[in-house]
Amino acid sequence: MNPEVYPIELTVDRTAVADILRGILHTILFYRVFGNIKPKEVDVLDITYSAIDDPEIEKKVDDNVDQFMRILETQGNQKGQIAVMFHEKRTKKAWFSKSEEEICWEQWAVTINTVICRTDGETLRIRKEMSAQLTTCFLNIIRFINDKKDHIPPITTLEANPFPFQILGVQC
């Protein structure tokens with residue numbers, strides 16, 4: 001089974017990459033982590049988005065954003081990619097044993113192109129463009145999630161989060 005893949009691409013001022021990436025990851029997780037969650041509102045570029053108020057999820061997002069930023073800065077890249085993948089746990093039966101495997105059913109591929117603003121005018125222009133791109137990005141995430149549900153596997157467990165997720169940083 002091939003996972004549904006949703007690409008997201010933004011051009012961002014290098015100084016805003018961490019906040020914007022954090023917002024995108026939290027938005028995806030807010031709409032895809034099933035179970036009892038405590039919501040909270042967060043602002044970035046004068047745009048409010050929903051996030052899950054959970055220290056474990058926040059740490060996972062922050063650690064991945066920090067790693068993404070370190071790699072972006074140390075390698076001097078202008079472009080980076082990070083992926084969020086959701087898995088289903090399945091029991092795999094063999095002749096005399098059982099094992100558990102994780103099957104990816106959805107993947108979000110977030111590509112960030114960075115720019116460095118050299119003038120105040122350029123900063124204002126890029127900030128407006130980033131705000132418009134981020135608004136469109138959040139709306140697209142919500143639209144994808146609302147429109148495409150057929151690939152989501154049935155919930156067959158009583159675990160708090162029946163579908164584990166993984167965030168992986170990949171540099172371009």
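Helices (H or I, at least four residues) and strands (E, at least two) are taken as DSSP runs and numbered from the N terminus. The structure is a predicted model, in which local features require pLDDT of at least 70 and side-chain atom pairs count only at pLDDT 80 or more, whereas totals for chains, interfaces and linings use all residues. Residues are numbered from 1 along each chain as its sequence is written, and side-chain values use heavy atoms, with hydrogens and water left out.

E41 is found in strand 2, which covers residues 39-44. With a relative accessible area of 68%, E41 is exposed, where buried denotes under 20% relative accessible area, exposed over 50%, and partly exposed the range in between (1.4 Å probe, protein chains only). When neighbours within four places in sequence are left aside, E41 is in contact with T48 and Y49, contact being defined as heavy atoms within 4.5 Å. The C-alpha atoms of E41 and S131 are separated by 17 Å, the two residues being 90 residues apart along the chain.

Strand 4 (residues 79-93) and strand 5 (residues 98-115) run antiparallel and are joined by 15 bridges, two strands being counted as paired if DSSP finds at least two bridges between them.

Helix 1 comprises 16 residues (17-32) and spans 23 Å from its first C-alpha to its last, close to the 22 Å expected at 1.5 Å a residue; the expected span is computed as 1.5 Å times one less than the number of residues in the helix. This helix is mostly covered, with 13 of its 16 residues buried.

The structure holds 7 salt bridges, each defined as a side-chain nitrogen of Lys or Arg within 4 Å of a carboxyl oxygen of Asp or Glu. Among them is the pair of R22 and D19, whose closest N and O atoms are 3.3 Å apart; these residues are 3 residues apart in helix 1 and are therefore separated by about one helical turn. R22 is buried, at a relative accessible area of 19%, whereas D19 is partly exposed at 44%. R22 also forms a salt bridge with D62, with the closest N and O atoms 2.8 Å apart. Because D62 lies in helix 2 (residues 55-75) and R22 in helix 1, this pair ties together parts that are 40 residues apart in sequence. D62 is partly exposed, with a relative accessible area of 27%. D63 is partly exposed at 38% relative accessible area.

In soluble globular proteins, nonpolar side chains tend to be buried together. The largest nonpolar core has 44 residues, and those with the most contacts inside it are I20, I24, I28, L29, W108, L134 and I141. At least two residues of this core are supplied by each of strand 1 (4-13), helix 1, strand 3 (47-52), helix 2, strand 4, strand 5, helix 3 (120-147) and strand 6 (165-171). A nonpolar core is here a set of buried Ala, Val, Leu, Ile, Met, Phe, Trp, Tyr and Cys residues joined through side-chain atoms within 4.5 Å. Not counting residues up to four places away in sequence, L134 touches L10, I20, I24, V44, L45 and I47.
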